[in-house]
Amino acid sequence: MNERTLFLDRGIGESRGVVLLDGAPERLLIERDGDDARTRLGARHVARVRKVEPAFASAFVDLGGVEALLSFKPDARPVEGAALEVEIRSEPRDGKLATVRVIGPAQGAPKLLSPAPSLADQLAAFARDAEIVEGREARQAADEAQDEALQTIHKLPGGGDIAIEPTRALVAIDVDIGERKGNDVKRVTRAANHAALAHGARLLRLKGLGGIVVFDLVGRGHDGNALLTAARAAFGPDNPGVAIGPVGRFGTMEMTIPRRTAPLSDILCNAGGGLSDRTLALRLIRAIETEAASQPGARLEARCHPATAKAAGPYAERLAGKIGARFTITPQDGAARTRIEVRAL
């Protein structure tokens, strides 16, 4: 069907844009107050070439207090000290710099020329004729998309599952159908591999993952041409820049997918892979706001881990300005980090 619907949740401290593909989350775009907007996808700058590295066909450019990486062809090597107009083509991730593409020559000191498109504009680009839904439905869609993006194992329609695990070098996707016997094994295996490509493509977009991707397909004796056709269709929305290899002798399919936005795990999680204090604080604020809407006038108490309560402080002040000072946040020593409880007093 390939029908896309759009949602925009405008929250305190954070706004989230969601694209659903045939009812399932395909993209989750997050913007948080106070984050550096200079390296968001699509922002344009006057940049100064700081250092050229011919051996790597790359140059480091100064955007005005923040650095980015520019790749160049041998016949288009930039000159150190030159001013260029550039656009962010991929956001920074996991300690790696943002990358830029050259628009043309420029003059003057490094500066921001135009910010990245707004969340509403980004959403509209995915489905130009679709209405952007806001309010309660948008919040629910964003919460569900966020929950799915953080999972590792995802069920496939018709049975089986895929596990998506990013590593430093690549993203590994393992397809599994469990123990199957009987005459329908070949049919089930074929269906699972095709479903894995379609749903894997959607989930990679949702999680913000790219680079080298390896599918470990299930079964043997694959129809390589059919799988290649299915992969091209599944990853069509990621073009330009997708390259897909044939099914290998060990039953794997390798491809490269352009990286554009930062992985959601970089935004939502801490260095240990758990949800960050900031993510939990924003979840707490949303929970209080939702409960306040369902119980107008009631006094509320929210209980959470002390680190979550501390991180929620600045957002709580803004929430009080919106719904009134009718709630308290009580730190609970010994509480689980992810536990959040909101109740009426």
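**Close-up views of a predicted model**

At 27% relative accessibility, Glu 67 counts as partly exposed, since buried means under 20% relative accessible area, exposed over 50%, and partly exposed in between (1.4 Å probe, protein chains only). This is a predicted model in which local features need pLDDT of at least 70 and side-chain atom pairs count only at pLDDT 80 or more, whereas totals for chains, interfaces and linings use all residues. Residues are numbered from 1 along each chain as its sequence is written, and side-chain values use heavy atoms, with hydrogens and water left out.

**View A. Salt bridge between Arg 50 and Glu 67.** The two side chains meet at 2.4 Å, N to O; a salt bridge is a side-chain nitrogen of Lys or Arg within 4 Å of a carboxyl oxygen of Asp or Glu. The pair links distant parts of the chain, with Arg 50 in strand β4 (residues 44-53) and Glu 67 in strand β6 (residues 67-71), 17 residues apart. Helices (H or I, at least four residues) and strands (E, at least two) are DSSP runs, numbered from the N terminus. Arg 50 is partly exposed, with a relative accessible area of 46%.

**View B. Salt bridge between Arg 286 and Asp 143.** The closest N and O atoms are 3.6 Å apart. Arg 286 belongs to helix α6 (residues 277-294) and Asp 143 to helix α2 (residues 136-149), so the pair ties together parts that are 143 residues apart in sequence. Arg 286 is buried, at a relative accessible area of 10%, while Asp 143 is partly exposed at 28%. Both residues belong to a network of salt bridges that also links Asp 9, Glu 14, Arg 16, Arg 32, Arg 139, Glu 289 and Lys 322.

**View C. Strand β16 (residues 252-257) and its alternating side chains.**

**View D. Antiparallel partners of strand β16.** Two strands pair if DSSP finds at least two bridges between them. Strand β14 (residues 211-216) is joined to β16 by 6 bridges, and Asp 216 stands opposite Thr 252. Strand β15 (residues 243-247) pairs with β16 over 3 bridges, with Val 247 as the bridge partner of Met 253. β15 and β16 form a hairpin with 4 residues between them, and Gly 251 in the turn has a positive phi of about 80 degrees.
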